[in-house]
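Dear colleague,

Please find below the structure I am handing over to you, followed by an account of what was found in it.

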Amino acid sequence: MSAVFNFTFVPWFRSVAPYIHMHRGKTFVVAVAGEAIAAGKLQAIAQDLALIQSMGVKIVLVHGFRPQVNEQLRAKGHEPRYSHGIRITDEVALDCAQEAAGQLRYEIEAAFSQGLPNTPMAGSTVRMISGNFITARPVGVVDGVDFQHSGLVRKVDAAGIRRTLDFGAMVLMSPFGFSPTGEAFNLTMEEVATSVAVSIQADKLIFLTEIPGIAMDATRPVDDENPIDTELPLDAAKKLLATLPAAQQPTDTSFYLQHCVKACEGGVERSHILPFSVDGALLLEIYVHDGIGTMVVDEKLESVREAEVDDIGGILQLIEPFERDGTLVKRSRTEIERDIHQYTVVEHDGVIFGCAALYPYPEAKTAEMAAVTVSPQSQGQGDGEKLLKRIELRARALGLDSIFVLTTRTMHWFIKRGFQQVSPDWLPEARKKKYNWDRKSQVLVKKLK
């Protein structure tokens with residue numbers, strides 16, 4: 001094994017390990033568009049899902065079958081018909097949907113039953129169980145259009161799904177539901193996945209789709225100057241959705257976004273839109289901080305708060321690289337333990353991604369903002385501004401007139417945020433005695449009143 005591999009693997013594995021620990025025992029609903037299976041991605045997706053399940057995640061897999069049904073219809077001389085973004089399911093379309101669902105269920109179960117040879121999951125056994133977990137009702141007539149055998153989810157057997165997951169099996173669901181009288185209804189994969197995720201209060205709803213995610217500017221195509229917005233707060237997602245036209249097809253920006261918003265509003269912590277065209281998209285989204293697609297998340301899940309004793313290890317791990325390269329003055333564990341209640345942290349997904357400490361000098365009506373650190377993984381995402389705002393609030397609550405920082409490398413960041421450079425002689429006497437003249441730190445002050 002090469003030294004280069006060792007050098008890259010160890011830090012990579014250390015960065016992934018917190019997410020493996022965090023997701024163990026969690027429940028994910030993964031919705032795979034029929035287009036992904038038509039594009040030949042089933043084997044890779046099965047491998048990744050088996051790997052994720054092996055790390056303790058409970059999985060409900062919902063498959064779509066839009067292109068497969070369309071192919072069946074055209075083979076019988078019929079053209080697919082849609083309205084309001086929903087298929088109009090007549091008798092012929094219902095037969096085609098049943099045939100496509102049966103064929104896809106066979107292919108999916110086969111993919112998970114062959115031991116996944118020549119893959120990292122070779123020899124693994126993934127038990128899949130499906131059933132009549134969905135009770136449906138007809139869409140009916142909407143704006144004069146009779147949707148016939150197209151349906152909507154009426155009820156989800158959440159208890160049955162949970163029992164199956166607790167048994168250690170992966171639940172497989174097709175976009176079909178049945179009425180109490182036994183009538184079959186063709187449902188949309190997106191609605192089934194969303195309804196199931198809300199009903200079982202899944203930790204994640206993941207759509208593996210034709211689109212790469214939601215662009216920073218949703219009115220323009222994704223490119224180098226308009227990248228994917230990797231994290232979209234729920235409020236921002238709702239505002240964006242209100243400005244978009246109603247979705248008619250899966251490539252419309254609002255098509256998957258509307259279901260992500262509905263899931264988050266229903267109590268699902270996070271919902272994701274990922275591109276199936278990228279190999280390993282599921283792994284990249286789940287086990288890498290920035291991910292690869294768009295995650296809709298209730299911003300309350302990111303916590304900016306005062307530090308606690310349990311945060312000491314995370315703070316030490318965060319600041320250690322910056323102490324090593326000289327950006328920060330080295331602080332001992334004892335010092336951080338002593339001053340832990342002076343610290344403010346940014347916590348996301350249970351991991352500390354930023355910290356700053358506030359050391360008041362009441363006699364001078366000022367305070368030092370020290371140990372300001374933001375993880376390289378989240379720099380440029382506003383965590384520094386959040387820390388500064390919270391530190392300012394804490395200083396104002398103490399009746400102070402200003403805050404100051406000592407820095408050797410980030411002077412311009414603070415100046416852009418209202419700080420002004422002053423002489424070290426400005427420092428409070430108690431702080432001036434501890435000033436390191438050899439380090440030659442710049443002193444920057446921000447007035448609070």
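The protein chain contains 15 helices and 23 strands. Please note that this is a predicted model. The C-alpha trace spans about 85 × 55 × 40 Å along its principal axes.

Of the 449 residues in the chain, 50% are buried. Among contacts with a separation of 6 or more, 70% are between residues 24 or more positions apart. The accessible surface amounts to about 21,500 Å², and carbon and sulfur atoms contribute 53% of this. As to charge, the chain carries 48 positive and 56 negative side chains, and the centres of these two sets are 7 Å apart.

A search of the whole structure gives 11 aromatic pairs. One of them is the tilted pair of Phe-207 and Tyr-256, with 5.4 Å from centre to centre and 45° between the planes. This pair links distant parts of the chain, since Phe-207 belongs to strand 13 (residues 204–209) and Tyr-256 to helix 9 (residues 253–265), 49 residues apart. Phe-207 counts as buried because its relative accessibility is 0%; Tyr-256 is likewise buried, with a relative accessible area of 0%.

The pair of Tyr-435 and Trp-437 is edge-to-face, because the ring planes stand at 75°, with the centres 4.6 Å apart. Tyr-435 has 8% relative accessibility and therefore counts as buried.

Two further features involve aromatic rings. Phe-9, Trp-12 and Phe-13 are linked into a cluster by ring pairs. Lys-204 lies over the face of Phe-28, 5.9 Å from the ring centre.

Yours sincerely

Key
Residues numbered from 1 in each chain as written. Predicted model: local features only at pLDDT ≥ 70, side-chain atom pairs only at ≥ 80, totals over all residues. Heavy atoms only, no water. Helix = DSSP H or I, 4+ residues; strand = E, 2+ residues; numbered from the N terminus. Buried < 20%, exposed > 50% of the residue type's maximum accessible area, 1.4 Å probe, protein only. Contact = heavy atoms within 4.5 Å. Areas by Shrake-Rupley, 256 points an atom, 1.4 Å probe, with all protein chains shown as cover. Lys, Arg positive; Asp, Glu negative; His and termini not counted. Charge placed at Lys NZ, Arg CZ, Asp CG, Glu CD. Phe/Tyr/Trp six-rings, centres within 6.5 Å; stacked < 30°, edge-to-face > 60°. Lys NZ or Arg CZ within 6 Å of the ring centre and 35° of its normal.
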